[in-house]
Amino acid sequence: MKPLVRIGVIGGGLMGREVANALARWFVLENHPVRAELVAVCDVQAKLLEWFRQVPTVRQLTTDHRELLANPDVDVVYVAVPHQLHEPVYRDVLQAGKDLFAEKPFGIDLDAARRIAAAVEASGRFVRVSSEFPFLPGAQRAFAAARSGALGRLIEVRVGYLHSSDLDPQKPVNWKRQSVYCGEVGVLGDLGLHAVHVPLRLGWKPASVYAQLQRIYTERPDGKGGIAPIDTWDNATLATYFDYRGARTPMRIELKRFGPGETNSWFIEVLGTDGGVKYSTKTPKTLWTFRRDKEQIWDSTDLGFQMVFPGITGAIFEPGFPDILQQMWAAFLAERAGQLGDRFGCATVAEAVASHEIWAAALESQRTNSAVAVK
Ligand SMILES: NC(=O)c1ccc[n+]([C@@H]2O[C@H](COP(=O)([O-])OP(=O)(O)OC[C@H]3O[C@@H](n4cnc5c(N)ncnc54)[C@H](O)[C@@H]3O)[C@@H](O)[C@H]2O)c1
């Protein structure tokens, strides 16, 4: 029998439920080194815990995360709470001697991220950070093409992640639009690690950033008949440079809550002198690859269920968000078991801190209207 990993979730909101979904159908993965079960859930809103009673493996429901951390039957803790709580709750998880699957942005700002990273180092626990889009087959193919070196000299890179639900001015405010809970970084912290996970894995960390940040609506209904201020950044376009084989190479990073028509578009585009690759979740089956021949040709390839961790699903079918979330968990638990091999791994603590270094430079760039070095 494969070893069983028992998982606790702190924060049973949007992402806590998605993780319950991914773990509940773990048996669809073939040849994964471990079994995984959700055994405990904590949320301060007792009414949210009721939903988790449907999950047969869950044995503990609590409104106090310290009770969950005291449970000796929990091996790994996934934390999905507002950003101002990342640092204290992540520290508590580490102090309890549990491994941690952290949510992005890994602390409310760069200082918090660095303090959490130091606590991780001191604890010796296994810690990774959530970022699931690179587990899409199209993203994996783009990563492989970019890493191969076969694209020639890099001309430019574009990565991004775009939403549009904020276009509705009547959408009530929530914690993600208020600095005290989300961080001043706003959209950078919310969507940013998703966009830069692949570039950072390729070693393409920006050396400098020029940021155009926008706050589009400055207030929203508070959901109680009043109006609440919005004080986080909504849209970000970052013009960055990174070093590729000694050449200063431009990378544009786009992160938007106001992207008309973009419901949840994650994309990567890498253009070189000898080849190129483009992938977007807007057309989630289609991978575009460029070749320079007698003519210049963009080929489109229809992808199916070619996952990092194969499962029962036939290769012609399309993957979706719940599938890539499960793939990310498969990578997390395989790496924890020392069996990731050469497969793509989850975002590391160093990558999460590096993303915050980019966002801190972007905030400084916005303040000074100048390009800022990433430290
Ligand atoms: N990986 C992704 O695709 C993705 C998507 C959305 C959000 N996120 C991240 O996940 C985290 C949570 O976001 P969400 O969208 O699930 O938010 P959410 O508001 O839906 O859920 C957060 C939950 O945390 C609970 N909570 C607050 N304080 C708590 C405490 N002290 N102890 C226990 N529970 C507490 C709240 O009651 C709420 O139910 C954030 O870090 C966010 O950036 C990741």
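These legends go with a set of close-up views of one predicted model.

**View 1**

**View 2. Where domain 1 meets domain 2.**
Here 21 residues of domain 1 are in contact with 24 residues of domain 2. On the domain 1 side, helix H5 (110-123) and strand E6 (127-129) each bring at least two residues to the face that touches domain 2. H5 is the top contributor to that face, with five residues. Sorted by class, this side of domain 1 has twelve nonpolar, four polar and five charged residues.

**View 3. The shell around the ligand.**
Around the ligand there are 22 residues, and the ones that come nearest are Gly11, Gly13, Leu14, Met15 and Glu103. The shell is a bit of everything: ten nonpolar residues, seven polar and five charged.

**View 4. Helix H1 against helix H9.**
Two packed helices are described by the angle between their axes and the distance between the axes. For helix H1 (residues 14-24) and helix H9 (residues 321-336), the axes come within 9 Å and cross at roughly 75 degrees. H1 and H9 are therefore roughly perpendicular to each other. From H1, the contact uses Glu18, Asn21, Ala22 and Leu23, and H9 answers with Pro322, Leu325, Gln326 and Trp329. By class, the residues of this contact come out as five nonpolar, two polar and one charged.

**View 5. The six-stranded parallel sheet.**
Follow the strands across and you get E3-E2-E1-E4-E5-E6, an open sheet of six strands with parallel pairing. Strand E3 (60-62) and E6 take the edges with a single partner strand each, so one side of each has no neighbour in the sheet. From one strand to the next, the twist averages 25 degrees. Zoom in on strand E4 (residues 76-79) and strand E5 (residues 99-102), and you'll find them running parallel, joined by four bridges. In that pair, Val79 has Ala102 of E5 as its bridge partner.

**View 6. The nine-stranded mixed sheet.**
This one is also an open sheet, with nine strands in the order E16-E15-E14-E13-E7-E12-E11-E8-E17 and mixed pairing. At its edges are strand E16 (296-302) and strand E17 (372-373), each of which pairs on one side only.

Strand E14 (residues 275-280) and strand E15 (residues 286-292) run antiparallel, with five bridges joining them. Gly276 stands opposite Phe290 of E15, and a hairpin of five residues links E14 to E15. Moving on to the next pair, E15 and E16 also run antiparallel, this time over seven bridges. Look for Thr289, which stands opposite Asp299 in E16. The hairpin from E15 to E16 goes through three residues.

**View 7. Strands E8 and E11, with helix H10 lying across.**
Strand E8 (residues 208-214) pairs with strand E11 (residues 235-244) in the antiparallel sense, over seven bridges. Within this part of the sheet, Ala211 stands opposite Leu238 of E11. Helix H10 (residues 349-368) lies across E8, E11 and E17, and its run makes an angle of about 65 degrees with E8.

**View 8. Two backbone spots to check in the loops.**
Most residues other than glycine have a negative phi, and most peptide bonds are trans. With that in mind, have a look at Asn31, a residue other than glycine whose phi is positive, near 60 degrees. Asn31 is found in the loop between H1 and strand E2 (35-42). The other spot is the peptide bond from Lys104 to Pro105, which is cis with omega near 5 degrees. Pro105 has its place in the loop between E5 and H5.

Technical notes:
Residues are numbered from 1 along each chain as its sequence is written. This is a predicted model: local features need pLDDT of at least 70, side-chain atom pairs count only at pLDDT 80 or more; totals for chains, interfaces and linings use all residues. A residue is near a molecule or strand if its C-beta atom, placed from the backbone, lies within 6 Å of it. Ala, Val, Leu, Ile, Met, Phe, Trp, Tyr, Cys and Pro count as nonpolar, Asp, Glu, Lys and Arg as charged, and the others, Gly among them, as polar. Two residues are in contact if their C-beta atoms, placed from the backbone, lie within 7 Å. Axes are lines fitted to C-alpha atoms, for helices over the stretch in contact, and angles run from 0 to 180 degrees between N-to-C directions. Angles under 35 degrees count as roughly parallel, over 145 as roughly antiparallel, 65 to 115 as roughly perpendicular and the rest as oblique. Two strands pair if DSSP finds at least two bridges between them.
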